[in-house]
Amino acid sequence: MGTPINFTPEQLTLKAREILREKYVQAEVGVTGANFIISDIGGIAVTENEGNARLSCSFPKTHIVVVGIEKMIPSVTDLHLFWPLLSTFGTGQKITVYNTIVTGPRQENEVDGPEEMYVILLDNGRTNILQNPKQRESLYCIRCGACLNACPIYKNIGGHAYGATYSGPIGSVITPNMQGMEAFKHLSFASSLCGNCTEVCAVKINLHELLLENRKESVDEGLTTFSERMAWKMWKIASLKRSMMNMGSGNLKNKVVNGLFKDWKEKRSDLNFSPKTFNQMWKERHKY
Ligand code: SF4
């Protein structure tokens, strides 16, 4: 943009505003999402800190809203709860900077606003989630982002690594159900299941349990390889039999297991068994 190298953040912001404001004024169409669809007044509510969505709603001739159907709330009075919930869990603000309610295009007696307004209600797999009694609660999400900020995985790898629109814990829960279990089941497996996401969730979604549920459903749907199924079968037989668990040294187990699970180990370090089993150590300590 040709700004001097020593511009302060404030000066850069003013420059961006100068350039972008003109684009908003000239745009034919403005596209926004919506944080809520308000049933009783037939409107949409948009929450933002920058003001760009409000400009998109009001300057161009046509305003198009693309919004997920789960964003529906019964009444405008429910915003009394949802607006502070969104801001405190999202950024720690008491209330977000810009909160806008739009109920239609410009009326005859009004000077501002678009000539036309369209609201596109987006399903895109959401009714699949609604049909699943266990996964249904994931539709409560208000996209505050608290679970993302709390997640040790997200904090280390960032949002782009998820390869989907929604990232973090809630993304790992809903993406396999919206875009296909086979293609996205790996997101639910890439979790330490620490439960931090569940603890911070604004609407108390049991996120880590839903990650487990996704794993179960993917296995029930047969989305596992033959070698993986065999490996777990052998693991189950061995771990249910004490004599088999105690069989062989730690070294031998390391060799056998790390040799067998080559695929599993591709992106993981070697499993490292203790030289003695817990059972053997317990017996040694309680000899007398
Ligand atoms: S799952 Fe909960 S914490 Fe995560 S974005 Fe949705 S409401 Fe916020």
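Into which domains is the protein divided? In this predicted model, the division gives domain 1 (21-122), domain 2 (131-220) and domain 3 (226-285), and the C-alpha centres of domain 1 and domain 3 lie 56 Å apart.

With this outline in mind, the reader can turn to the aromatic side chains. A pair of aromatic rings is described by the distance of the centres and the angle of the planes. The structure holds 4 aromatic pairs, and one of them joins phenylalanine 36 and phenylalanine 82, whose ring centres are 5.3 Å apart and whose planes meet at 40°, so that this pair is tilted. Because phenylalanine 36 belongs to strand E2 (residues 36-38) while phenylalanine 82 belongs to helix H3 (residues 79-90), the pair ties together parts that are 46 residues apart in sequence. Both phenylalanine 36 and phenylalanine 82 are buried.

Another pair is made by phenylalanine 278 and tryptophan 282, and since their ring centres are 5.9 Å apart with the planes at 35°, this pair is also tilted. Here the two residues share an element, for phenylalanine 278 and tryptophan 282 stand 4 residues apart in helix H14 (residues 278-285), and are therefore separated by about one helical turn. Phenylalanine 278 has a relative accessibility of 62% and so counts as exposed, whereas tryptophan 282, at 48% relative accessibility, counts as partly exposed.

A further contact with an aromatic ring involves a charged side chain: arginine 143 lies over the face of tyrosine 166, at 4.2 Å from the centre of the ring.

Definitions and conventions. Residues are numbered from 1 along each chain as its sequence is written. This is a predicted model: local features need pLDDT of at least 70, side-chain atom pairs count only at pLDDT 80 or more; totals for chains, interfaces and linings use all residues. Side-chain values use heavy atoms; hydrogens and water are left out. Rings of Phe, Tyr and Trp (its six-membered ring) pair if their centres lie within 6.5 Å; planes under 30 degrees apart count as stacked, over 60 as edge-to-face and the rest as tilted. Buried means under 20% relative accessible area, exposed over 50%, partly exposed in between (1.4 Å probe, protein chains only). A charge sits over a ring if NZ of Lys or CZ of Arg is within 6 Å of the ring centre and within 35 degrees of the ring normal. Domain bounds come from an automatic or database domain assignment.
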